[in-house]
Amino acid sequence: MTQKRRNNGRSKHGRGHVKPVRCSNCSRCVPKDKAISRFLIRNMVESAAVRDITEASVFQEYALPKLYIKTLYCVSCAIHAHIVRVRSREGRRDRTPPVRFRGGFNKDGKKPAAAGTGAPGAAAAKA
């Protein structure tokens, strides 16, 4: 019988049964090895209050704690929320991890300009 994926969409390998987990989005029961898991890392304090807390703190170099939330998704919710993408038959054979996009800064250490607007002063630099 033909198979769509090398691992049949699971990472069970040799285990007969895997306990189910609940999808974080829709509460669907999904086998733990099939669920798509991602860590959501956020600051415990919202960005508006960070400055107030650092000024009021007694400690100079106090690192604010982060909140680590492990989210588990079923395949349907992961595709719908663009956590994973649908790939072609040839694309599914590619086992290299995708390029990690860390938005924010260029190689020069400067923030990139928006695509259509152009950087401020860009017209003056061309002239």
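**Backbone and surface notes**

Mentor: H82 sits in the loop between α2 (75-80) and α3 (89-93); helices here are DSSP runs of H or I with at least four residues, strands are E runs with at least two, and both are numbered from the N terminus. This is a predicted model, where local features need pLDDT of at least 70, side-chain atom pairs count only at pLDDT 80 or more, and totals for chains, interfaces and linings use all residues. Residues are numbered from 1 along each chain as its sequence is written, and side-chain values use heavy atoms, leaving out hydrogens and water.

Trainee: What's the phi of H82?

Mentor: Near 60°, a positive value in a residue other than glycine.

Trainee: And is H82 buried or exposed?

Mentor: H82 counts as exposed because its relative accessibility is 54%; the cut-offs are under 20% relative accessible area for buried, over 50% for exposed and partly exposed in between, with a 1.4 Å probe and protein chains only.

Trainee: What about H13, where is that?

Mentor: In the segment before β1. H13 has a positive phi too, near 25°, and is exposed at 62% relative accessible area.

Trainee: Switching to L72: which strand is it in?

Mentor: L72 belongs to β4, residues 66-73. At 19% relative accessibility, L72 counts as buried.

Trainee: What does L72 touch?

Mentor: Leaving aside residues up to four places away in sequence, L72 contacts V21, R22, C23, S24, A35, I36 and S37; contact means heavy atoms within 4.5 Å.

Trainee: How far is the L72 C-alpha from that of K34?

Mentor: 9.7 Å, with the two residues 38 apart along the chain.
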